[in-house]
Amino acid sequence: MKKTRTMEISDTVFANTYARQPLCLVKGKGATVWDDKGNAYTDFLAGIAVVSLGHSHEGVAKAICEQARTLVHVSNLYYTEPQTLLARWLVEKSFAEQVFLCNSGAEANEAAIKLARIYAKKQGHPERFRVICATGSFHGRTLATLSATGQEKVQKGFEPLVDGFDFVPYNNAKAAADTISPHTAAILVEPLQGEGGIVVPDADYLKKLRALCDEAGILLMLDEVQTGMGRTGKLFCHEHFGITPDVMTLAKALGNGLPIGAMLTTQKAGDALAPGTHATTFGGTPLICAGALAVAKAFDEEGVLENCVSVGSHFKKQLAGLASRHACVEEVKGLGLLLGLKMKKDASSLVDACREKGFLINCVQGHTLRFAPPLNIGIGQVDELIKVLDEVLKEF
Ligand SMILES: Cc1ncc(COP(=O)(O)O)c(C=O)c1O
């Protein structure tokens with residue numbers, strides 16, 4: 001495809017960090033986005049599991065517009081109502097008693113890692129600073145969060161890494177148990193690995209980690225940046241596994257595309273922080289929180305979770321049908337509307353093939369097609385994608 005002028009300029013003025021697809025998007029509504037030539041695409045990626053209510057959601061748009069004309073930013077030196085209401089909603093809906101608002105998933109995880117260290121010190125254990133993480137994990141691109149990420153390709157070139165992270169195989173509680181040392185302050189895992197290839201752990205994995213943390217007096221911290229806010233069919237993914245963590249991080253879908261992250265914690269752990277120990281200029285501005293509050297309202301009133309469960313289950317059955325018809329498919333994975341189709345060979349060309357037929361998806365780890373559409377997507381749109389996948393898999 002010939003590059004447009006915007007694409008050519010873009011290729012010259014940005015730091016070389018993204019391999020973009022040849023598509024300049026200008027507009028979105030619901031699960032549909034349009035490019036600058038007027039072509040429509042059904043968005044089965046939703047900005048990488050972010051735009052869970054669909055593009056240009058009315059309630060969110062209205063809230064942002066009203067707040068933009070009222071009060072955008074005043075800093076965290078003052079109280080503001082939107083952030084207060086948002087934090088109260090998060091506390092009411094989760095295990096947590098306290099919230100720290102920031103701007104991204106990586107920042108939320110940074111806050112969690114800092115909390116693990118200071119909590120251990122406040123508990124009288126200055127020797128505890130290490131965090132056990134999993135191979136295949138993804139926690140962000142800042143220096144500490146990439147150091148906590150169990151993927152060499154994310155870390156390579158940025159050494160020396162931040163000290164204090166030990167890696168164990170995901171979904172292996174025994175390995176975690178064997179790695180806990182007098183220096184361990186916390187375990188940090190995703191309740192379902194997204195970037196790692198849509199990996200759902202065994203039903204008792206998190207329970208075993210919970211027990212280990214309780215026994216050792218250390219924190220269980222769950223990264224729900226990708227899985228949180230309904231993506232897997234429960235508001236928070238750990239609800240599938242019958243446990244609660246001490247700390248949980250959120251971002252992505254919390255603002256339906258607005259930049260927001262959150263670290264949620266029990267009071268016991270959170271009380272280790274004190275004014276001046278952690279902060280952010282932009283975290284929790286009235287503008288972003290008004291948008292996120294509208295997201296919360298949609299979760300309360302628009303049947304988002306129910307749709308995710310029913311369409312997700314239909315989608316997964318259809319993917320299983322594809323697996324039975326096409327020998328190139330190895331496995332169907334995932335929960336709710338975070339689904340993966342693992343292929344037996346490199347699958348990145350399928351992303352292009354689907355885009356050319358009007359569907360946006362992506363591929364993780366080179367082998368797994370990831371589907372993370374808006375949670376209010378319709379069954380008809382899923383069936384259209386399945387039809388296209390049937391066609392492209394025949395030629396794969
Ligand atoms: C599980 C998980 N944690 C953290 C991050 C980093 O979030 P952000 O890109 O907002 O910093 C991501 C992003 O994909 C993620 O999937």
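**Notes on helix packing and the core**

1. Helix H3 (residues 58–68) packs against H11 at an angle of about 155 degrees, their axes lying 8 Å apart. Helices here are DSSP runs (H or I, at least four residues), numbered from the N terminus. Axes are lines fitted to C-alpha atoms over the stretch in contact, and angles run from 0 to 180 degrees between N-to-C directions. H3 and H11 are therefore roughly antiparallel (angles over 145 degrees count as such).

2. A word on the model: this is a prediction, in which local features need pLDDT of at least 70, side-chain atom pairs count only at pLDDT 80 or more, and totals for chains, interfaces and linings use all residues. Numbering starts from 1 along each chain as its sequence is written.

3. On the H3 side, the contact involves Gly59, Val60, Ala63, Ile64, Gln67 and Ala68; H11 contributes residues including Pro286, Ala290 and Ala294. Contact means C-beta atoms, placed from the backbone, within 7 Å.

4. Helix H4 (residues 81–93) also packs on H11, here at about 40 degrees with axes 8 Å apart. Among the H4 residues that meet H11 are Leu85, Leu86 and Trp89.

5. Now the largest nonpolar core: it has 113 residues, and Ala116, Ile187, Leu219 and Ala262 have the most contacts inside it. Helix H11 (residues 286–301) gives the most to this core, with 9 residues. Domain 1 (5–53 + 303–394) and domain 2 (59–301) both give residues to this core, so it lies between them.

6. Take a look at Ile187 too: leaving out residues up to four places away in sequence, Ile187 touches Ile132, Ala176, Leu209, Cys213, Ile218, Leu220 and Met221.

Conventions:
A nonpolar core is a set of buried Ala, Val, Leu, Ile, Met, Phe, Trp, Tyr and Cys residues joined through C-beta atoms within 7 Å. A residue is buried if 20 or more other C-beta atoms lie within 10 Å of its own, exposed if 12 or fewer, and partly exposed in between; C-beta atoms are placed from the backbone. Helices (H or I, at least four residues) and strands (E, at least two) are DSSP runs, numbered from the N terminus. Domain bounds come from an automatic or database domain assignment. Two residues are in contact if their C-beta atoms, placed from the backbone, lie within 7 Å. Angles under 35 degrees count as roughly parallel, over 145 as roughly antiparallel, 65 to 115 as roughly perpendicular and the rest as oblique.
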